[in-house]
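Here are my notes on the model you sent over. Have it open while you read, and check the points against your own viewer.

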Amino acid sequence: MSQKVVMKVLTMADEKTRKKAMEAAADVLGVDSIAVDLNDQKMTVIGEMNTDDVVKKVREKVGKVEVLSTGPAAT
């Protein structure tokens, strides 16, 4: 079952940090899509992955992350 996690990446203020955050999320097994809104500092990750692993990986790479929501992805 596909999962969706929406995070606010508090340190994401420029393209360099956006790229690092996307690369970190993409490293997690099972990620299907990543969407980033740089203005709102939000990242949405969808896939058949462990959402805790995604949050942990992004935190390791870019710093402060606030989880806004998690749950099943709409089909």
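The points below go from the ground rules to the sheet, the helices and a few single residues.

1. Ground rules. This is a predicted model, where local features need pLDDT of at least 70 and side-chain atom pairs count only at pLDDT 80 or more, while totals for chains, interfaces and linings use all residues. Residues are numbered from 1 along each chain as its sequence is written, and side-chain values use heavy atoms, with hydrogens and water left out. Helices (H or I, at least four residues) and strands (E, at least two) are DSSP runs, numbered from the N terminus.

2. The sheet. Four strands make an open sheet in the order E2-E3-E1-E4, with antiparallel pairing; two strands count as paired if DSSP finds at least two bridges between them. E2 (31-37) and E4 sit at the edges with a single partner strand each, so one side of each has no neighbour in the sheet. From one strand to the next, the twist averages 15 degrees. As background, strands of a sheet pair through backbone hydrogen bonds, either parallel or antiparallel.

3. E1 and E4. E1 (residues 3-9) runs antiparallel to E4, and seven bridges join them.

4. E3 and its partners. On one side, E1 and E3 pair over six bridges in the antiparallel sense. Gln-3 is opposite Gly-47 of E3, and Lys-4 is opposite Ile-46 of E3. On the other pairing, E2 and E3 are also antiparallel, again over six bridges, with Ser-33 having Ile-46 as its bridge partner in E3. So which residue is worth a look in the E2-E3 turn? The hairpin has four residues between its strands, and Gln-41 in the turn has a positive phi of about 60 degrees.

5. Faces of E3. Met-43, Val-45 and Gly-47 lie on the covered face of E3, whereas Lys-42, Thr-44 and Ile-46 lie on the uncovered one.

6. Helices on the sheet. H1 lies across E2 and E3 (42-47), at about 160 degrees to E2. H2 packs on the sheet too, touching E1, E2, E3 and E4, and its direction makes about 25 degrees with that of E1. Contact here means heavy atoms within 4.5 Å. Axes are lines fitted to C-alpha atoms, for helices over the stretch in contact, and angles run from 0 to 180 degrees between N-to-C directions.

7. Helix against helix. The axes of H1 and H2 (residues 51-62) come within 8 Å and cross at roughly 145 degrees. H1 supplies Thr-17, Lys-20, Ala-21, Ala-24 and Ala-25 to the contact, and H2 supplies Val-54, Lys-57, Val-58, Lys-61 and Val-62. By class that is six nonpolar, one polar and three charged residues; Ala, Val, Leu, Ile, Met, Phe, Trp, Tyr, Cys and Pro count as nonpolar, Asp, Glu, Lys and Arg as charged, and the others, Gly among them, as polar.

8. The salt bridge. How many salt bridges does the rule give? The count is one, with the rule asking for a side-chain nitrogen of Lys or Arg within 4 Å of a carboxyl oxygen of Asp or Glu. Glu-15 pairs with Arg-18, and their closest N and O atoms are 2.9 Å apart. The two residues are three apart in helix H1 (residues 15-26), which means a separation of about one helical turn. Glu-15 is partly exposed at 48% relative accessible area, and Arg-18 is partly exposed as well, at 24%. The cut-offs are under 20% for buried and over 50% for exposed, with partly exposed in between (1.4 Å probe, protein chains only).

9. Two single residues. Pro-72 belongs to strand E4 (residues 65-72) and is exposed, at 53% relative accessibility. Leaving out residues up to four places away in sequence, Pro-72 touches Met-1, Ser-2, Gln-3 and Lys-4. Pro-72 and Ile-46 are 26 residues apart in sequence, with 8.9 Å between their C-alpha atoms. Asn-50 is in the loop between E3 and H2 and is partly exposed, at 39%. From Asn-50 to Lys-4, the separation is 46 residues in sequence and 9.6 Å in space, C-alpha to C-alpha.
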